[in-house]
Amino acid sequence: MKSLKDECVDWIRAWFESNGPSCSAVLGMSGGKDSTVAAALCAAALGPERVIGIAMPAEGQSLNEADEICASLGIRYLCFPIGRIEAECTALGSLLPEGFSVQTRQNIPPRIRMAMLYAAAQSLNGMVANTCNLSEDYIGYATLYGDAAGSFAPLAGMVVREVMQVGRELGLPEKWVGKTPDDGLPHSAPDEVKLGFTYAVLDRYIREGICEDEAVKAKIDSLHRRNRFKTDILHIPAFIPAKHLISV
């Protein structure tokens, strides 16, 4: 884990040297293990003075210790409450005869948060971090153009157990590294309850190809197939000649 941690720190440092030598890393701080570990890695790579953590609680959502985590890491902390923006966006669903679907309403907050992260990054000379891990990406447990967006993704190659182990290697408190993942909303359920399987089972399947429950294996495979488009490179029709493609 020390080697993995060191390699990730070196990768972040090299990425910024190539893409923004004077830029800061900007992260959405949910208080969960992913944003905490990602922020700690960025602080180790760039120095805490070049890391900005932004909490964006929805209505009725707590900070989940995001302010304490930023203070402990020594990084700049900002709070952008999005409750009113979320309410106004959700209200626009009344303009549709069918209204917004439940999934649409659930995806509005993470997309607002990503818009705010990019707004802050553009104003503060920053680069936005995607804090999703490999386990989440594998089954599409992220919102496209919400938490699945970002300019760099330091945890994208780590399954959940590896994120936790790297967090411990960084010296982070167990209360943050081992925190049960959930969306922080009132009356919600932990991620693993909503998924119907544990991250330990998912991680083992990703790393070793082993899942002893055939029903769970089938569910994971189905989620992976249906959500691969979220992590694929932007789809461009194959019949478009390469000379017409714009290098980004």
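Two strands are taken to pair if DSSP finds at least two bridges between them, where strands (E, at least two residues) and helices (H or I, at least four residues) are DSSP runs numbered from the N terminus. What you see above is a predicted model, in which local features need pLDDT of at least 70 and side-chain atom pairs count only at pLDDT 80 or more, whereas totals for chains, interfaces and linings use all residues. Residues are numbered from 1 along each chain as its sequence is written, and side-chain values use heavy atoms, with hydrogens and water left out.

Let me begin with strand 1. Strand 1 and strand 4 (residues 126-128) pair in the parallel sense over three bridges, and Ser24 has Gly126 as its bridge partner in strand 4. Strand 1 also runs parallel to strand 2 (residues 51-55), to which four bridges join it, with Val51 of strand 2 as the bridge partner of Ala25. In a regular strand the side chains alternate between the two faces of the sheet. Here both faces are covered, since Ser24, Val26 and Gly28 on one side and Ala25 and Leu27 on the other are all buried, buried meaning under 20% relative accessible area with a 1.4 Å probe and protein chains only. Five of the five residues of strand 1 (residues 24-28) are buried, so the strand is largely enclosed by the rest of the structure.

Now to the helices. Two packed helices are described by the angle between their axes and the distance between the axes; the axes are lines fitted to C-alpha atoms, for helices over the stretch in contact, and angles run from 0 to 180 degrees between N-to-C directions. For helix 1 and helix 7, the angle is about 85° and the axes are 9 Å apart. The two helices are therefore roughly perpendicular to each other, a term that covers 65 to 115 degrees. In this contact (heavy atoms within 4.5 Å), Lys2, Leu4 and Lys5 of helix 1 meet Glu162, Val166 and Glu169 of helix 7.

Which residues of helix 7 (residues 160-169) are buried? They are Val160, Glu162, Val163, Met164, Val166 and Gly167, and what covers them includes helix 1 (2-19), helix 2 (33-46), helix 6 (134-139), helix 8 (174-177) and helix 10 (199-208). After helix 7 comes Gly171, with a positive phi near 85°.

Finally, the axes of helix 4 (residues 83-91) and helix 5 (residues 102-123) come within 10 Å and cross at roughly 135°. The contact is made by Ile85, Glu86, Cys89 and Thr90 of helix 4 and by Arg105, Ile108, Pro109 and Ile112 of helix 5.

Notes
Buried means under 20% relative accessible area, exposed over 50%, partly exposed in between (1.4 Å probe, protein chains only). Angles under 35 degrees count as roughly parallel, over 145 as roughly antiparallel, 65 to 115 as roughly perpendicular and the rest as oblique.
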